[in-house]
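Let's take a walk through a protein model together, one stop at a time. Keep the picture open as you read.

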Amino acid sequence: MNTTSPAEPASGTTGSPAWLAGQGGPLRGELRVPGDKSMSHRAIMLAALADGVSRIEGFLESEDARATEQAFRQMGVRIDAPSPGTREVHGVGIHGLQAPQRPLDCGNSGTAMRLLAGLLAGQGFDAVLTGDASLSTRPMRRVTEPLARMGASIDTRDGRPPLTIQAKNELQAIAFESEVASAQVKSAILLAGLYARGTTRVEEPRPTRDYTERMLAAFGWPVDFAPGRAELSGGHRLRATDVSVPADFSSAAFFIVAATLVPGSELRLSRVGTNPRRTGLLPVLRLMGADIEEHPAGEEGGEPVADLVVRHAALRGIQVPEEHVADMIDEFPALFVAAACASGPTVVRGAAELRVKESDRIATMAAGLRALGIRVDERPDGAVIHGGTLQGGTIDSHGDHRVAMAFAVAAQLAQGAVRIADVANVATSFPGFVELARGAGFGLRTGGAGGINRSGSPPAQ
Ligand code: S3P
């Protein structure tokens with residue numbers, strides 16, 4: 001195997017941080033990735049609305065989760081951080097939030113914005129939710145329309161953020177059949193349902209992650225749910241409880257794919273959350289020929305966890321079964337890289353939601369893989385990725401954290417250095433990615449602010 005080490009930062013500036021990545025060595029050893037992002041958001045939200053003090057362990061110290069934390073501080077909730085990854089949330093009770101004095105900045109986080117929209121729709125105060133450039137382009141009608149049917153009043157800018165929420169003292173329950181398989185939409189409606197008269201019901205076209213339902217139940221709110229549907233009634237209270245957040249499967253996914261692709265690898269990922277609504281990547285990679293062992297390791301925060309042992313294996317292209325799409329919705333950037341290294345074509349269908357993530361992930365992944373010499377045919381709801389040999393090149397991650405990390409994985413197989421621009425947003429989901437990846441064997445270094453030359457000329461050695 002070629003052992004090109006990643007290059008020094010090239011000169012030339014774009015003003016945003018960049019990485020330089022190239023082949024490292026086999027990935028070996030054991031590592032634990034940071035806490036689950038979806039659970040960290042929800043743990044703060046429910047603990048803030050509970051009666052009493054809740055302790056959260058394994059909280060994800062990322063910009064997204066901190067945006068949610070900060071929003072609740074702005075609404076009068078005391079949240080102590082005695083050590084990294086730990087929070088003590090002094091709940092104010094279901095009706096105890098105070099009107100925020102300034103807009104609540106959700107940063108890059110669609111989860112923060114959509115769940116807060118539901119939660120704040122039935123409060124007796126006004127609130128404004130804002131976001132960064134990427135979040136400001138993302139569709140919000142999928143939550144504001146059903147919330148309006150419940151009696152909420154939320155203005156958007158042509159269906160996009162900012163969201164301006166007007167005070168409502170009570171909402172009406174609805175039975176909602178969602179057209180999109182989206183845990184954020186489902187959660188927004190259920191959280192509004194806490195403040196609604198009657199029974200709020202949500203049905204989904206495909207089951208999505210059920211953390212809101214499970215965590216509401218853990219905080220003592222009666223919820224009736226099964227894959228693809230959930231219902232609850234207003235008028236109860238939340239009881240403070242301690243939450244232990246397992247490692248985020250979506251962060252582990254980059255290492256699962258990297259260890260599969262890099263010859264000689266054997267990597268153990270410890271205590272990863274394996275809620276089946278999150279782990280669709282595993283059966284898909286196994287269909288492609290991956291060697292991934294799952295050793296169940298009990299439960300954490302009411303969620304199944306497992307140690308995953310991943311060994312290098314040659315992959316073959318497949319048609320990704322559509323039934324797995326919702327269960328791996330955040331893993332497509334990593335899957336596209338696996339497909340680029342597989343023999344033959346891999347066909348992704350039924351994944352149009354990828355177009356409205358932190359970037360249009362079908363377009364950004366296709367463009368990036370093409371820049372590294374891989375043929376990709378885009379489809380409205382997916383792509384056909386023709387496995388081949390990755391070359392060096394320059395990638396624009398378009399500020400999408402998962403696109404940036406996926407190309408750091410691709411670089412481990414590339415025949416030349418890969419420059420990845422606009423990587424600052426990796427901090428939204430995976431603080432410490434570079435250090436952890438390097439420790440596992442990745443060839444990866446930070447170019448620093450402005451440290452990338454977008455011309456694509458070869459980096460200095
Ligand atoms: C999330 C749901 C998914 C996922 C996102 C987190 C959640 O979004 O992509 O990263 O925590 O509920 P959608 O609901 O838009 O599919």
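**A tryptophan in a loop**

Trp-221 sits in the loop between helix H6 (211-218) and strand S14 (223-226). Helices (H or I, at least four residues) and strands (E, at least two) are DSSP runs, numbered from the N terminus. Before we go on, bear in mind that this is a predicted model, where local features need pLDDT of at least 70, side-chain atom pairs count only at pLDDT 80 or more, and totals for chains, interfaces and linings use all residues. Residues are numbered from 1 along each chain as its sequence is written, and side-chain values use heavy atoms, with hydrogens and water left out.

Is Trp-221 buried or exposed? With a relative accessible area of 1%, Trp-221 is buried; that word means under 20% relative accessible area, while exposed means over 50% and partly exposed lies in between (1.4 Å probe, protein chains only). Not counting residues up to four places away in sequence, Trp-221 touches several residues, including Ile-94, Leu-194, Leu-232 and His-236. Touching here is contact, meaning heavy atoms within 4.5 Å. Leu-232 is 11 residues from Trp-221 along the chain, and their C-alpha atoms are separated by 8.3 Å.

Now look at H6 itself. Its buried residues are Tyr-211, Thr-212, Glu-213, Met-215 and Leu-216. Among the elements covering them are helix H1 (37-49), helix H5 (183-193) and S14. Just after H6, Gly-220 takes a positive phi of about 90°.

Next stop: helix H7, residues 249-261. The expected span is 1.5 Å times one less than the number of residues. And 13 of the 13 residues of H7 are buried, so the helix is largely enclosed by the rest of the structure. What caps its N-terminal end? Asp-248 does, with a side-chain oxygen 2.8 Å from the backbone nitrogen of Ser-250. Ser-250 lies in H7 and is buried, at a relative accessible area of 1%. Its side chain also makes a polar contact with the side chain of Glu-331 (2.9 Å). A polar contact is a pair of N or O atoms within 3.5 Å; within protein, one must be able to donate a hydrogen and the other to accept it, and residues adjacent in sequence count only if both atoms are side-chain atoms.

How about two helices side by side? Helix H3 (residues 110-120) and helix H4 (residues 141-149) pack at an angle of about 10°, with their axes 10 Å apart. The axes are lines fitted to C-alpha atoms, for helices over the stretch in contact, and angles run from 0 to 180 degrees between N-to-C directions. Where they meet, Arg-114, Ala-117 and Gly-118 in H3 face Arg-142, Val-143 and Leu-147 in H4.

Most residues other than glycine have a negative phi, and most peptide bonds are trans. Yet the bond from Pro-161 to Pro-162 is cis, with omega near 0°, and Pro-162 lies in strand S9 (residues 160-166). Asp-422 has a positive phi of about 70° although it is not a glycine, and it is partly exposed, at 23%.
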